[in-house]
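Subject: Structure for you to look over

Hello,

Here is the structure I promised. Please open it first, then read my notes below.

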Amino acid sequence: MESEANDTFLTSCGGSEPPYAQELLRSLDLAGRFLLAILTLMTLIADLVFMEEVIYIYRKTPSSKRSILIWINAAAPVIATTSCIGIWIPRSTMFTDFTASVFFAIVIHKFLMMMIKECGGQKLFLKRFENGHFKISTGPCCCCCLCLPGVRITRRSLFWLKVGTFQFALFRPVFMFLSTVLWTNDNYSLSNLSPKGAAIWINCFVAILTIIALWPVAIMFQQVRVLLNRKKIIPKFALYQFILILIQLQTATISILAMQRIVPCVPPLSSSARGAYISHQVLIMEMFLITLMSRVVYRRRYKELDPPECISEEAGVKKQAPTMNVAVNEDGLSGF
């Protein structure tokens, strides 16, 4: 009997395939089922908060900004939902992770577009910064290259920033489709990171595309953070960064620990399956909190920016003020 139990334990720990949903549910104790119920409830609350936020956006936000704000606000609830599916159905982990990654790739592009929209659109953005330069010595590509010259803000340079984020939103689904096709033929496995496997090469290409996509967002944020301070762009950017770090760096860290067997297996979950299970549980709690914080930040109605003409007129008045004082002094009325 003892040898049979050990064999079962070794089989569960040595297997790479996650268990079926019914097998996992049968293995959960009372505390595990209670945690599963709490995480599911948190996901449902996050989805309800998002739906209420969508109604608010449709009622109170100009039509030109609705789509962008809905996409950005949907990031945390969508990731929470895919993670919830992952803890209920462990064998769907690859598809839920791919779906969350593809969705957030689109959100990265939408966040760049939001910063441009908050400046009044592309035409007003170019008018506000017609004599300015983009600071390209910023992360994640060139944060150490402080000697790099600025790039003049033109329609062409703004176009290339958009291309930088759009390419990730375009190619991430392509790599997801390629990974799925290879997985069906047993050529793609996240646990197989050898040079002969497809996973290592696809992940390297995705990492390069991710870095290229994050760079334009950082460049744009450095340019508009002072101008959009009244619209709380810094808290919005911080929430965007939190989501990025959690779904990329945190998930990758837990996955590496699981593949190295630092995360112990608990039958019926192997080490890799348990790592993914823990990652999904943590993500649900984190995305729940981010959903609530996003509601506070994006729900406020901020004062619109002054048109560029008003700013230039105010600057002209300030420049003329010293000249008027000189004229008064010449008339001998300085005592008044």
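Both Glu 118 and Lys 231 are buried. Bear in mind that this is a predicted model.

Salt bridges first. The structure holds six of them. Glu 118 takes part in one with Lys 231, where the closest N and O atoms are 2.8 Å apart. This pair links distant parts of the chain: Glu 118 is in helix α6, Lys 231 is in the loop between α9 and α10, and 113 residues separate them.

Glu 118 also forms a salt bridge with Lys 236, with the closest N and O atoms 3.9 Å apart. Lys 236 lies in helix α10 and Glu 118 in helix α6, so this pair ties together parts 118 residues apart in sequence. Lys 236 counts as buried, at 3% relative accessibility. Glu 118 has 10% and counts as buried. Salt bridges with shared partners also join Glu 52, Glu 53, Arg 295 and Arg 299 into one network.

Glu 52 is in helix α3 and Arg 299 in helix α11, so the pair ties together parts 247 residues apart in sequence. Glu 52 is partly exposed at 29% relative accessibility. Arg 299 is partly exposed at 23%.

Now the surface. Phe 166, Leu 170, Phe 171 and Val 174 form a nonpolar patch there, with about 360 Å² of accessible area together. Val 174 sits in helix α8.

Last, helix packing. The axes of α4 and α6 come within 8 Å and cross at roughly 140 degrees. That makes α4 oblique to α6. The crossing is left-handed.

Best wishes

Notes. Residues are numbered from 1 along each chain as its sequence is written. This is a predicted model: local features need pLDDT of at least 70, side-chain atom pairs count only at pLDDT 80 or more; totals for chains, interfaces and linings use all residues. Side-chain values use heavy atoms; hydrogens and water are left out. Patches are made of residues with over 30% relative accessible area and no salt bridge: like charges are joined within 9 Å, nonpolar side chains (Val, Leu, Ile, Met, Phe, Trp, Tyr) within 5 Å. Accessible areas come from the Shrake-Rupley method with a 1.4 Å probe; for residues, only the protein chains shown count as cover. A salt bridge is a side-chain nitrogen of Lys or Arg within 4 Å of a carboxyl oxygen of Asp or Glu. Helices (H or I, at least four residues) and strands (E, at least two) are DSSP runs, numbered from the N terminus. Axes are lines fitted to C-alpha atoms, for helices over the stretch in contact, and angles run from 0 to 180 degrees between N-to-C directions. Angles under 35 degrees count as roughly parallel, over 145 as roughly antiparallel, 65 to 115 as roughly perpendicular and the rest as oblique. A crossing is left-handed if the near helix is turned anticlockwise from the far one by less than a right angle, and right-handed if clockwise. Buried means under 20% relative accessible area, exposed over 50%, partly exposed in between (1.4 Å probe, protein chains only).
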